[in-house]
Amino acid sequence: MSVRIRLARGGTQKRPVYRLVAITSRRPRDGRFLENLGLYNPLLPSDSPERVVLNEERVRYWLGNGAQPSDRVARFLDGAGITSD
């Protein structure tokens with residue numbers, strides 16, 4: 001069973017907030033997840049430190065156990081200096 005690190009949508013209509021979650025690849029986008037790893041708020045300015053908040057220790061744990069990040073999450077990890085390789 002493969003684990004992915006991807007975004008799960010939350011918030012309200014026209015005001016999205018996304019959680020970075022570790023989730024089984026077969027689950028739906030907003031389905032039950034294994035662990036909440038961070039938060040992404042696209043409405044904040046791009047230079048705001050609260051735009052992407054990561055629990056780096058847990059992200060590294062999941063990557064070390066073989067979790068594959070989605071394309072967007074891989075960009076966030078690269079920006080934070082966490083390699084997905």
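Contact here means heavy atoms within 4.5 Å. The structure is a predicted model.

Start with the sheet. Five strands form an open sheet in the order β4-β3-β2-β1-β5, and the pairing is mixed. Strands β4 (52-54) and β5 (68-69) stand at the edges. Each has a single partner strand, so one side of each is left without a neighbour in the sheet. Strands of a sheet pair through backbone hydrogen bonds, either parallel or antiparallel. Both arrangements occur here: β1 and β2 run antiparallel, whereas β1 and β5 run parallel.

Now take the pairings one by one. Ten bridges join β1 to β2. Within this pairing, V3 stands opposite T24 in β2. The two strands form a hairpin with two residues between them. In that turn, K14 has a positive phi of about 65 degrees. On to β5: two bridges join β1 to this strand, and I5 stands opposite P69.

Two helices come next. Helix α1 (residues 56-64) lies across β1 (3-12), β2 (15-24), β3, β4 and β5. Its direction runs at about 125 degrees to β3. Helix α2 (residues 71-80) also packs on the sheet, touching β1, β2, β3, β4 and β5. The direction of α2 makes about 95 degrees with that of β1.

Just after α2, G81 takes a positive phi of about 85 degrees.

A search of the whole structure finds three aromatic pairs. One of them is Y18 with Y40, a stacked pair at 6.0 Å centre to centre, with 25 degrees between the planes. Y18 lies in strand β2 and Y40 in strand β3, so the pair ties together parts that are 22 residues apart in sequence. Y18 is partly exposed, with a relative accessible area of 21%. The cut-off for buried is under 20%, so Y40, at 10% relative accessibility, counts as buried. Y40 also pairs with F76, and this pair is tilted: 4.7 Å centre to centre, 45 degrees between the planes. It links distant parts of the chain, with Y40 in strand β3 and F76 in helix α2, 36 residues apart. Both Y40 and F76 are buried.

Finally, turn to a loop residue. R29 sits in the loop between β2 and β3. At 48% relative accessibility, R29 counts as partly exposed. Leaving aside residues up to four places away in sequence, R29 touches R6, L7, A8, R9 and I23. The side chain of R29 also makes a polar contact with the side chain of D30, at 2.8 Å. R29 and E56 are 27 residues apart in sequence and 22 Å apart in space, C-alpha to C-alpha.

Note on methods: Residues numbered from 1 in each chain as written. Predicted model: local features only at pLDDT ≥ 70, side-chain atom pairs only at ≥ 80, totals over all residues. Heavy atoms only, no water. Pairing = 2+ DSSP bridges. Helix = DSSP H or I, 4+ residues; strand = E, 2+ residues; numbered from the N terminus. Axes fitted to C-alpha atoms, helices over the stretch in contact; angles between N-to-C directions. Buried < 20%, exposed > 50% of the residue type's maximum accessible area, 1.4 Å probe, protein only. Polar contact = N/O pair within 3.5 Å; in protein donor to acceptor, adjacent residues only side chain to side chain. Phe/Tyr/Trp six-rings, centres within 6.5 Å; stacked < 30°, edge-to-face > 60°.
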